[in-house]
Amino acid sequence: MRGGGSDKKPATRLVTGGRRKEWTGAVVNPPVWRASTHLYDSVADMRAGKASNEDGRFFYGRRGSPTQWALAEALTELEPGAHGTMLFPSGVSAIACALLAVLRPGDVLLMADSSYDPTRSYAEAFLKKWGVETRYYDPLIGAGIADLICERTRAIMMESPGSLTFEIQDVPAICAAAKDRGVTTLLDNTWAASYFFRGIEHGVDITILAGTKYIVGHSDVMLGSVTCTEKYWQRVRRTAQQLGQVIAPDDAYLALRGLRTLDVRMRQHQDSALKIARWLAGQPRVARVLHPALPDCPGHAIWRRDFSGSAGLFSFVMDGGDADAVAAFVDGLALFGIGYSWGGYESLALPVDPTPDRSATEWKAEGPVIRLNIGLEDCADLMADLAKGLERYEKTACKR
Ligand SMILES: *Cc1c(COP(=O)(O)O)cnc(C)c1O
């Protein structure tokens, strides 16, 4: 859906986005329109409907209804400079469709070495079979990406910060090098939720969100979105339609509900995560904390330059210890669940291993890595829980 209203501040756009009177009627939220069939008044009306390939008008259930249009429009408003947003049933389906929309057999795709693991698997399994070669680059490459661009390079897939290890990429430098050579840039912007970092404003052609995380924010809906500039809009839209992608109006409703509180949630995630990250950095058993707002995180200076805040997800590297010590730490936590998805209101802790998903760079660490999703619980309670976890880690690690 088309955007607009980018003259307003981001927090205001979260509240007003997509709430067109013709979609909400007399109530505040666009209702849930459950529909497969859209009915026409006459044959002439039906013919007129076919003539336009735009969202925001009834046509057929797969094209969505006001509930989905409102969400798409609100997400477009998160990315100033964007033309439209397509919605997907998961973050992975959004990534898959965005790459399909720009790549052709014979192309080379450049992908950050710290990319989300299923994005890598999609490239290695699906895109490879389809004739696209993926080459991985060091996430800290910056303007040096120019040396990797060849005749066949069609697109660059970025993710900043990187999954698990949180390297911040020089997105503007990479985009400038790509533009010089006519290469399309895509960014998985899930960590910043298109809120603490606005990709299109920084030169990206296509930004992708796993709305499953912060947009929904309550751990109860799977959602993906692709937001792009006018140049890519028809390509992205047609590819999504040809693949038959549509999301349930109930899910769109829940995502809209989540989106309205994104600003307050993100600020709280930021405050608590920063407090906990700084505290962890001072613990003797902790070798390093991988949090973009901390000075020793790779790419921290770029984070300071380009981001307006930091999210609640980060990792830390232990100094020595092993898998048993990690299990003692994680299993005994009272307030942290063990689970893969993140961005919800509840805290999570997860042992992670970046080693198998690296090919252009090598992951070297002093010990095991644990990733935390800092939720909206009281920060002091979370810290006390983690402190007991560190004691268990110490005991288990020393016994061995
Ligand atoms: C979770 C995640 C995805 C995938 O989203 P799903 O909705 O789970 O398919 C993509 N990118 C990043 C960075 C993620 O964390």
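**Entry 1: ground rules**

I am working with a predicted model, where local features need pLDDT of at least 70, side-chain atom pairs count only at pLDDT 80 or more, and totals for chains, interfaces and linings use all residues. I count residues from 1 along each chain as its sequence is written, and side-chain values use heavy atoms, with hydrogens and water left out.

**Entry 2: around the ligand**

Which residues are closest to the ligand? I found Gly91, Val92, Asp188, Thr212 and Lys213 to be the closest of the 15 residues that surround the ligand; to be near, a residue needs a heavy atom within 4 Å. I sorted this shell into seven nonpolar, five polar and three charged residues. In that sorting, Ala, Val, Leu, Ile, Met, Phe, Trp, Tyr, Cys and Pro are nonpolar, Asp, Glu, Lys and Arg are charged, and the others, Gly among them, are polar. Helix α5, residues 91-102, gives the most to the shell, with three residues. Helices here are DSSP runs of H or I with at least four residues, strands are runs of E with at least two, and both are numbered from the N terminus.

**Entry 3: contacts with the ligand**

I then looked up polar contacts, which are pairs of N or O atoms within 3.5 Å. A polar side-chain atom of Asp188 lies 2.6 Å from a ligand nitrogen. For Val92, a backbone N or O atom lies 2.9 Å from a ligand oxygen. Trp342 places a polar side-chain atom 3.2 Å from an oxygen atom of the ligand. I also noted that the ligand taken alone exposes 380 Å², of which the protein buries 91%; these areas come from the Shrake-Rupley method with a 1.4 Å probe.

A reminder to myself: most residues other than glycine have a negative phi, and most peptide bonds are trans. Where is Pro161 found? I located Pro161 in the loop between β4 (153-159) and α7 (171-180). The peptide bond from Ser160 to Pro161 is cis, with omega near -5°.

Leu164 lies in the loop between β4 and α7 too, and its phi is positive, about 70°, although Leu164 is not a glycine. Is Leu164 buried or exposed? Leu164 counts as buried because its relative accessibility is 17%; buried means under 20%, exposed over 50%, and partly exposed in between, with a 1.4 Å probe and protein chains only.

I found a positive phi near 60° at Ser219, in the loop between β6 (206-210) and β7 (224-228). With a relative accessible area of 46%, Ser219 is partly exposed.

Key: Polar contact = N/O pair within 3.5 Å; in protein donor to acceptor, adjacent residues only side chain to side chain.
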